[in-house]
Amino acid sequence: MPGPSRAVDESPPEFLRLAGNALRWRLLSELARSDRRVSELTTLLDQPQNVVSYHLGRLRAGGLVSMRRSSADGRDSYYFLDLARCREQLAATGAALHPGLVLTAAPATRSASLARGRRTQRKRVLFLCTGNSARSQIAEAFLRRDSDGRLDVFSAGSHPKPVHPNAVRVMRGYGLDLTGHRSKHVDEFAGLRLDLVITLCDKVREVRSEFRGHPDFVHWSIPDPAAAADGRAGQPAFRAVAADLDTRVRFLALAIAAPAPTAPPRKIGDRA
């Protein structure tokens with residue numbers, strides 16, 4: 001005799017419930033491109049602050065978005081997207097619908113093969129922070145690794161300092177050698193055509209207004225690891241920053257290699 005039937009949860013996966021709302025999708029799309037403050041998101045989405053804050057709260061509760069206090073103004077905060085978490089949730093969403101829709105990681109040669117087809121579209125990317133001693137040096141090294149030479153990658157600082165020894169130590173763990181790298185002032189790149197400017201320091205982002213007008217300006221709110229304890233005691237902060245940048249840069253390299261989307265923007269709906 002058959003046993004009692006078990007209830008089946010037929011509700012949509014959490015990612016669909018979160019991202020299926022048009023306004024939250026717009027928030028995810030904006031944060032996929034750049035870390036943002038609430039005031040910026042309200043302007044970009046043309047929505048009142050309480051509405052934007054509500055939906056950001058939903059996305060934070062779902063683990064897709066996180067918040068970090070600004071190092072330039074502690075009264076303000078930057079919101080950023082957890083791309084790795086989104087990838088996991090998308091994979092789970094596909095699997096919940098059909099086993100054949102399980103997402104698999106792109107082959108390691110994907111970006112390289114796309115690069116060979118785009119040699120004529122070589123782009124220039126500049127990473128910018130305050131001292132050009134750690135964060136921007138680390139990001140530059142990662143993007144050089146992941147772009148297979150198809151990009152011209154630079155880094156600079158508004159107030160350059162020597163490359164930090166902990167940055168050199170931590171990057172050795174990734175097989176990347178920063179020995180001999182020098183810090184550079186951002187003015188060295190004045191007049192150079194840049195396709196992408198990425199600021200990693202809240203202070204630089206909010207003070208160097210000329211970059212906010214750049215046609216392709218991105219901000220990653222990354223804490224300064226040198227602000228932690230110096231010497232080898234400060235290495236955990238450098239390891240955390242390197243891990244964060246490793247993930248962000250891997251996604252950036254794939255985004256640069258991918259074809260530009262052509263889908264029209266969706267209309268923002270009401271609160272869900």
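The model is predicted, so local features require pLDDT of at least 70 and side-chain atom pairs pLDDT 80 or more, while totals for chains, interfaces and linings use all residues. Residues are numbered from 1 along each chain as its sequence is written, and side-chain values use heavy atoms, without hydrogens or water.

**Whole chain.** Display the chain as a cartoon: it holds 11 helices and six strands (DSSP runs, H or I of at least four residues for helices and E of at least two for strands, numbered from the N terminus). Of the 272 residues, 42% are buried, that is, under 20% relative accessible area with a 1.4 Å probe, counting protein chains only.

**Helices α8 and α11.** Next select residues 165-172 (α8) and 235-257 (α11), whose axes lie 9 Å apart at an angle of about 55°. Axes are lines fitted to C-alpha atoms over the stretch in contact, with angles from 0 to 180 degrees between N-to-C directions. Show side chains: N166, A167, R169, V170 and M171 of α8 meet Q235, F238, R239 and A242 of α11, where contact means heavy atoms within 4.5 Å.

**Residue M171.** Finally, centre on M171 in helix α8. M171 counts as buried because its relative accessibility is 0%. Beyond neighbours within four places in sequence, M171 contacts I138, A141, F142, L176, L178 and A242.

Note on methods
Buried means under 20% relative accessible area, exposed over 50%, partly exposed in between (1.4 Å probe, protein chains only).
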